[in-house]
Amino acid sequence: MELPMILKPEAVRVLSGATSKKRLMHELGNIAEAAYGVSHSAAVEALLERESLGPTGVGHGVALPHARLDGLDQVVGVLALLEKPIDFDSVDRQPVDLAFALFAPIDAGVEHLKALALVSRTLRDAGLRAKLRSNSDPMTLYTIVTEAQAVQAA
C-alpha cells in the first residue's frame, strides 16, 4: 500500500477555522465529502464515535482520526495542516497541528490497519513533520508526504 493510493491531492488542506477537536472533525468531514463524495454527517459522526473510545492524538502534534463508513470501496485519507494547534487530548499532551484522517469501508479488515500503520510510520519522521509545518501550499504538502514514503521505501 502506498500513500498516493489512499490520498488525493484535493484531500489535502490548510485549515484556519479548526479551533477545537469537534470543529476539526467537521472540517475533515467537509474535505472527505468534497474529495471522495462521502456523507459529511456520516463521516463526522463516525470520527467522533471512534474518538469517544480514546483519543487518536498520537503525539508530536499529530492526530490520526479514523473511522469506517458505508459506501466506500477502499481506504481513503484526508490530510490537514492547522494554522493554529488545538488541544486534542494527545498521549503526550501536546496540541495537534497535523491531522491525517482515514476512512475505511465497513468491512475493510486488515486494509484499514495497514493504512493506519503506513500513515503513522510516515508521520513519525520528525524531519517530515517539520517540512509539512513549514509549508502552506496544499499541493506542496501532498508532494512532501507522498514522496516521503517513496524515500523510506528506497
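1. The buried residues of helix α3 pack against α2 (21-36), β4 (66-69) and β6 (96-105), where contact means heavy atoms within 4.5 Å. Helices (H or I, at least four residues) and strands (E, at least two) are DSSP runs, numbered from the N terminus. This is a predicted model, in which local features need pLDDT of at least 70 and side-chain atom pairs count only at pLDDT 80 or more, while totals for chains, interfaces and linings use all residues. Residues are numbered from 1 along each chain as its sequence is written, and side-chain values use heavy atoms, with hydrogens and water left out.

2. Which residues of α3 are buried? They are His-40, Ala-43, Val-44, Ala-46, Leu-47 and Glu-51, and because they cover an arc of only 165 degrees around the axis, they are on the same side of α3. The arc is that of the directions from the helix axis to the C-beta atoms. Buried means under 20% relative accessible area, exposed over 50%, and partly exposed in between, with a 1.4 Å probe and protein chains only. On the other side of α3, the exposed residues are Glu-45, Glu-49, Ser-52 and Leu-53.

3. The length of α3 can be checked against an expectation. This helix, residues 40-53, has 14 residues and reaches 21 Å from its first C-alpha to its last, which is close to the 20 Å expected at 1.5 Å a residue; the expected span of a helix is 1.5 Å times one less than its number of residues. After α3 comes Gly-54, with a positive phi near 160 degrees.

4. The loop between β5 (76-86) and β6 holds Ser-90, and Asp-89 and Arg-93 also lie in the loop between these strands. Ser-90 counts as buried at 4% relative accessibility, Asp-89 is partly exposed with a relative accessible area of 47%, and Arg-93 is exposed with a relative accessible area of 75%. Once neighbours within four places in sequence are left aside, Ser-90 is in contact with Gly-57, Gly-59 and Val-96. Asp-89 is not a glycine, yet has a positive phi of about 55 degrees, and Arg-93, a residue other than glycine, has a positive phi near 65 degrees.

5. In helix α4 (residues 110-123) we find Thr-122, which is buried with a relative accessible area of 1%. A polar atom of the side chain of Thr-122 lies 2.8 Å from the backbone oxygen of Leu-118. A polar contact is a pair of N or O atoms within 3.5 Å; within protein, one must be able to donate a hydrogen and the other to accept it, and residues adjacent in sequence count only if both atoms are side-chain atoms. Leu-113 is also placed in helix α4, but counts as exposed at 52% relative accessibility.

6. Helix α5 (residues 126-133) has Leu-128, Arg-129 and Leu-132 among its buried residues, and because these cover an arc of only 100 degrees around the axis, they are on the same side of α5. At the start of α5, a side-chain oxygen of Asp-125 reaches to within 2.7 Å of the backbone nitrogen of Gly-127.

7. Arg-133 lies in helix α5 and is partly exposed, with a relative accessible area of 33%. Which residues does Arg-133 touch, not counting residues up to four places away in sequence? They are His-60, Gly-61, Val-62, Leu-81, Asp-97 and Leu-98. The side chains of Arg-133 and Asp-97 are joined by a polar contact of 2.8 Å.

8. Ser-136 has its place in the loop between α5 and α6 (138-153), and is exposed with a relative accessible area of 59%. Although Ser-136 and Arg-13 are 123 residues apart along the chain, their C-alpha atoms are separated by 8.6 Å.

9. A last point concerns the rings. Lys-21 lies over the face of Phe-88, at 4.7 Å from the ring centre; a charge sits over a ring if NZ of Lys or CZ of Arg is within 6 Å of the ring centre and within 35 degrees of the ring normal. The structure holds zero aromatic pairs, where rings of Phe, Tyr and Trp (its six-membered ring) pair if their centres lie within 6.5 Å, planes under 30 degrees apart counting as stacked, over 60 as edge-to-face and the rest as tilted.
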